[in-house]
Amino acid sequence: MKTDREDEGRRSDLVAQLPKVELHVHLEGTLEPSMMLALAGRNGVDLPWSSLEELQREYDFDGLEHFLKLLFLGAGVLRRRRDFHDLTYAYLSRASADGVTRTEMFFGPQTFLDTGVEIDEQLGGVFDAIEHARTDLDIDAAVILTAQRHRTESAAMELVDMTESWHRRILGFGLGGAERGNPPSKFEQYFARCRELGLRTTIHAGEEGSAENVREALELCKPDRIDHGVAAATDANLVKQLADERIPLTMCPLSNQRLRVTPDLREHPLLGLYRAGVLVTVNSDDPPYFGGYINDNYRAIGSALDLGPDQIAGLARNSFSASFADARTVAAGTAAIDDVVNDYLGSV
């Protein structure tokens, strides 16, 4: 008879072996504390912390606003094309080690434009690293540029216009940041413009906002995906709509826990949404800030909700189905998952 520890170990092994796509990770949010301090020294940027230990004490957040303050401060150390390359390559290396075969990364240029970094310096470094990683790490990556909702819609439109020369390489546009006081309706025309350009769209909704924010996002912004969407679980009609229309939710369990959206992961709505037929996925959001990369998130939610191997594999399949990859990539990914599951079940 297997013990709980043995079951946990087998679940962890399955997570490690499964191929997966990461759909909700903010590139600037993958900045490890050690890299933050190293880049600050390289670029002559003054930070208010003199040691790694002192900096790490700042990672005990009381909510989204507290986290965002640290995120933006840390992002200020990224000043040159080389910095954006190193940041991107470091994340892709870590993601590849977790079995990620494709990632659709968020990146928020407005943060760095504020510190005088030209858009070509930013995106040049990011795409340099993507090309290197495709060769060195056998991982594919795409970029979704995010506008920040605390800014105006005209600022979001400016971001679309100033990146026109990059549109052939960019996967799409999104919207992130604090929901309070910044409803989806504020950015309706921004999303319409992105759709006109044939670009994919995502929107953060239902993290600190209510189910009504998710509903408004769907009705007015018409995104391809909802990022987070935790609050949607409180509205049965909305859950049915998400399931019927196959609108993916890119959920981030450890982020939700650390930002006190769902402090107890045993109460996280992911499993209920999964059982209701919603295309839920597991992702890391801003991994160094929230205590874990994608496999850590799979393991944490798997343990908290006592997910079985079929459910864990189902979440990995969802990551391919919810991605913007071509049909061949999706089919190959799900077939690879089936192979892993068959081997796993055969060894039980």
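Predicted model: local features only at pLDDT ≥ 70, side-chain atom pairs only at ≥ 80, totals over all residues.
To be called buried, a residue would have to lie under 20%. A304 belongs to helix α15, which covers residues 294-304.

Leaving aside residues up to four places away in sequence, A304 touches L265 and R266. If you follow the chain onward for 11 residues from A304, you reach L315, and the C-alpha atoms of these two residues are separated by 15 Å.

## The chain as a whole

Stepping back, the protein chain has 17 helices and 8 strands. Its C-alpha atoms fill a box of roughly 60 × 45 × 40 Å along the principal axes.

How much of the chain counts as buried? The share is 57% of the 348 residues. As for contacts with a separation of 6 or more, 74% of those in the protein chain are between residues 24 or more positions apart.

## Helices α8 and α9

Helix α8 (residues 153-162) packs with helix α9 (residues 188-196) at an angle of about 20 degrees, and their axes are 8 Å apart. Because angles under 35 degrees count as roughly parallel, α8 is roughly parallel to α9. The crossing in which α8 passes α9 is right-handed.

On the α8 side, the residues that meet α9 are E153, A156, M157, V160 and D161. Their partners in α9 are E188, Q189, Y190, R193 and C194.

## Helices α10 and α11

As for handedness, α10 passes α11 in a left-handed crossing.

Which residues of α10 meet α11? They are A211, V214, R215 and L218, and in α11 they meet L238, Q241 and L242. The contact of α10 with α11 is made up of 5 nonpolar residues, 1 polar and 1 charged.

Note on methods: Residues numbered from 1 in each chain as written. Heavy atoms only, no water. Axes fitted to C-alpha atoms, helices over the stretch in contact; angles between N-to-C directions. Helix = DSSP H or I, 4+ residues; strand = E, 2+ residues; numbered from the N terminus. Parallel < 35°, antiparallel > 145°, perpendicular 65-115°, else oblique. Left-handed = near helix turned anticlockwise from the far one by under 90°. Contact = heavy atoms within 4.5 Å. Buried < 20%, exposed > 50% of the residue type's maximum accessible area, 1.4 Å probe, protein only. Nonpolar A, V, L, I, M, F, W, Y, C, P; charged D, E, K, R; others polar.
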